[in-house]
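Here's a quick briefing on one protein model. Take a look at the sequence and the fold first, then read on.

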Amino acid sequence: MGDSHSGSSDEVARNPIAPQGMGSVGEEAASNVVGGGSGTGPLGSAATPAASTPAATNSGLSGSKRSRRTSWVWNHFTIVKNFKDEQGIDIGQRAVCHYCDTHYKCLSNNGVGPHGRHLQKYHADKIGNASDSNFVYSKEKMRHGLALYVAAAEQPFTFGDDIRFEHFVQNCLNPSFAKVSRNSIRSDTKKAHSEVKKDLISKLATVGAIGFTSDMWSGINNRGYICVTAHYIDSSWTLQKKIIAFRLVEFPHDAEQIFESIMSVFRDFEVLNKVYSITFDNHSANTATLPLFIRNLTTPYFGELLHLRCVCHVINLVVQDGLTHIAPQISKIRNAVLFIATSPSRQQEFDKICTSLYNLKPKNMNSDVQNRWNSTYLMLKSCRKYSDAISGYVNQRYRPCRGSPLTQADWEIGFEFMKFLKVFYAATVGCSGVRYPTSCIVLHHLFNISVNFRRHREHPNFAHACIDMEGKFRKYYEEMPPIFMLAAVMDPRMKLQGVSLLLRTIGTNLGITTLPSSAYVYDLLTTMYAKYDSKFRSNAACTAAPLTSSTSTNDEFWDFVSSNLGSNTVTSRIELDKYLDLESVDENDRRDFDVLAWWKNNEVKYPVLSIMARDLLTPPVSTVASESAFSAGKRVLDERRSRLAPDILDCLICLKDWEDARLGIQKRSAKDEFRGYFADSDIDSD
């Protein structure tokens, strides 16, 4: 599209760079004559000197006044002086289309409407999208966008100062671009963070309850940082996740310091009155902050629902207790895999054996990380089809685990335990989601875990492991957090009957007699609903018919009683009980059911209950959302940028998260980072 027309030598040299948009088709030719002399051409590019552009001296303008041609059409037409028609007659200066022989007048009193219409009709594929016709290059907008890109793509501040990048943009995108210094990008990043932050504060002011996650991280500079992430359901019933702070925490990292750091974030974002829950891991300093938050926050129900212990961390503690019982077998498998993976020559030899002797495709072996049980599960899963090949190769060349050979019995125990761990892995992945409600699915996964214990506790290889694992499980869930039960009731697939059934079955499977009864859960539900009804019923539409509709006509007494007593009481009772008595969701729709979409569709039907449901479905049950920021932190605060100022690191991490959310590229669920580590394995197959 940018090639020059191969006409006569009198043809005018034109700017080979097409602009990103098109101007109005009816511009006057007087403002579109190819410029000569000094100055800038279209979009600010350097104009071709008059000596090399004969047409510039015969532009159709009298005197010394000459204007440059800036319309988008001149990127697709070439001005040819002394143009000859089909009969060879010189008809003067004409504008010739690059893609066909069509030509038009190009004097000052001729517009460019015919030129533009010709391009749009016959060469639409060459000129791009006409919706970009109003594009105007803005240096300020470019610098803002570059700052966002540098933060979101985790690029260094020197990115825009690279002469190769400048050459690429000027010659392939926009000739007006000039490289931006690292200091300018740094200041632009802080400015962009401030602007987006103001918009986010305004957004948070319009939402209801907000659930927070928080975790600590130690960077390469041995300094501690705290990440605070906000989770909320917006007006369209979409669950949003935003990292709102990634800040330095001074030593000591005790409860008081963590509390003050988080409270400063709450004050900074003006959300002190919207804190519904805070999800921590199991660190003692985090747990010790709970009394401080209870004394200083005045949000509803903070005494019962404020603190959530990360479900994924509890599952990790439970599984680690079980892994100790098969440590010898796991150690032998791990050492065998490491023996192959740590030598390129052995890896190559192993690949040949897989192909020639076992009819298997070559495979790069990856070991686990010992303090991450999920990586152990994935390692075992990746070895399933290769156990014979691994044993055959390793036992001939190296005997793992103090000379003891790797036996079939070792693999059988390892694979049996892998199957046993599958339910824990599924629970970890499910509860670590950030784009769908997780508070309502915890009971579902705890039920599956309890069934798993019941099935395996008599297995000779797992009896002792199950004893320890069940003991750790009961330690954390003998007293079931109320949020798990209340949120599950707000799932139309479950409701009160389903929650009661789950609690009863979990208690039976694990021998727990202290789990709440159906009556207890119902009391919690009605008590909470009464508070919501008292607060929001004046703003909610009445869904029930008046209690005394047949007697209140023309009677002020009955109208008064109905509006202040009977009608509201019945409305409250009817709205809650109507939902609880509602027929359950069809069995075929349960697996792919969208809880938030259901409440969005029934918001008018349950005006008060929907507000309560929104709040209960908001809290995340794991800190993975905060922990995922630490991976970005490692890439941003690396060895080359270990002295990055804390406020700049905060800007970069937050801007990346906000920009990913704006572009819709935040993952629906938090992917296990080790899945990429085992990318060439068949870990996704059953």
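In the hairpin of strand 4 and strand 5, which residue takes a positive phi near 60°? That's N222, and there are 5 residues between the two strands. Keep in mind that this is a predicted model, so local features need pLDDT of at least 70 and side-chain atom pairs count only at pLDDT 80 or more, while totals for chains, interfaces and linings use all residues. Residues are numbered from 1 along each chain as its sequence is written, and side-chain values use heavy atoms, leaving out hydrogens and water.

**The sheet**
- Helices (H or I, at least four residues) and strands (E, at least two) are DSSP runs, numbered from the N terminus.
- An open sheet is built from 5 strands in the order 6-5-4-7-8, with mixed pairing; two strands pair if DSSP finds at least two bridges between them.
- At the edges sit strand 6 (239-249) and strand 8 (307-309), each pairing on one side only.
- On average, neighbouring strands here are turned by 25° against each other, direction ignored; axes are lines fitted to C-alpha atoms, for helices over the stretch in contact, and angles run from 0 to 180 degrees between N-to-C directions.

**Strand 5 and its partners**
- Strand 4 (residues 210-218) and strand 5 (residues 224-233) run antiparallel and are joined by 8 bridges, and S214 has V228 as its bridge partner in strand 5.
- Strand 5 also pairs with strand 6 in the antiparallel sense, over 10 bridges, with G224 standing opposite V249.
- The hairpin of strand 5 and strand 6 has 5 residues between the strands, and W237 takes a positive phi near 60° there.
- All told, 10 of the 10 residues of strand 5 are buried, so the strand is largely enclosed by the rest of the structure; buried means under 20% relative accessible area (1.4 Å probe, protein chains only).
- Both faces of strand 5 are covered, with residues including I226 and V228 on one side and C227 and T229 on the other.

**The helices**
- Helix 18 (residues 482-489) is largely enclosed too, because 8 of its 8 residues are buried, among them F484 and M485.
- The axes of helix 11 (residues 327-341) and helix 13 (residues 373-382) come within 11 Å and cross at roughly 65°.
- Helix 11 and helix 13 are therefore roughly perpendicular to each other, a label for angles of 65 to 115 degrees.
- I330, I333 and R334 of helix 11 make the contact with T376, M379 and L380 of helix 13; contact means heavy atoms within 4.5 Å.

Key: Buried means under 20% relative accessible area, exposed over 50%, partly exposed in between (1.4 Å probe, protein chains only). Angles under 35 degrees count as roughly parallel, over 145 as roughly antiparallel, 65 to 115 as roughly perpendicular and the rest as oblique.
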